[in-house]
Amino acid sequence: MAHLLNVSLCTKIPPKPPLSLTKPSLSIPRFHSLSHPRCPNPQALILNKQLLVDFAKTGLLALLSVSLSFTDPALAFKGGGPYGSEVTRGQDLTGKDFSGRTLIKQDFKTSILRQANFKGAKLLGASFFDADLTGADLSDADLRSADLSLANVAKVNLSNANLEGALATGNTSFRGSNITGADFTDVPLREDQREYLCKVADGVNPTTGNATRDTLLCN
């Protein structure tokens, strides 16, 4: 027993290593900037060049739009027919010459067309909605399916014009117009307008062969 006690007392337990209170150093890798003036970035240069090109294009378009705004409005918008580069909607086109032109489905809505010349023009499906056609020449014009709703068609020359299927609803006025030889087949007219036109109707349309009075359903 004494021998065992002597052995246990003589045996030394190795001490624990001291705790380190210092933080381990973290090494952060350093990267050289690619935008350094001595080492230009090719991708950055390409990007900057593209931005300059885009900026130049934007400036060119802006200048173009400004230049168009100072030109004749009739050259500023793409429309229909041979007048494809003309603006004809909501414009003052007083006295303009459209004679003999093909203006199928052309938009003349709310335009001022006083004394305009449409003699012999092809105006199939054209819109004259709420337009002012006072004193205009529409003789020999093809106005089939044209929209004359709310239009002022007073003192207009409609001689030999073909208005088959045209719209003339609302306050469309034909007062003082020459309708000799005009064809009003299937044109919806107010009764008072029909009565007025029947008083002045005369002639036969040279294209359709229909008498103007017959197309107005005059008694």
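Author: The buried residues of helix α3 are Gln193, Arg194, Tyr196, Leu197 and Cys198; buried means under 20% relative accessible area, exposed over 50% and partly exposed in between, with a 1.4 Å probe and protein chains only. Helices (H or I, at least four residues) and strands (E, at least two) are DSSP runs, numbered from the N terminus. This is a predicted model, in which local features need pLDDT of at least 70 and side-chain atom pairs count only at pLDDT 80 or more, while totals for chains, interfaces and linings use all residues. Residues are numbered from 1 along each chain as its sequence is written, and side-chain values use heavy atoms, with hydrogens and water left out.

The buried residues of α3 pack against α4. Within α3, glutamine 193 has a relative accessible area of 6% and is therefore buried. Apart from neighbours within four places in sequence, glutamine 193 is in contact (heavy atoms within 4.5 Å) with Thr172, Ser173 and Phe174.

Cysteine 198 also takes part in a disulfide, a pair of cysteine sulfur atoms within 2.5 Å: its partner is cysteine 218, at an S to S distance of 1.9 Å. The bond links distant parts of the chain, 20 residues apart, with cysteine 198 in helix α3 (residues 191–200) and cysteine 218 in the segment after α4 (212–215). Both cysteine 198 and cysteine 218 are buried. The torsion about their S-S bond is about -90°, so the disulfide is left-handed. A search of the whole structure finds one disulfide.
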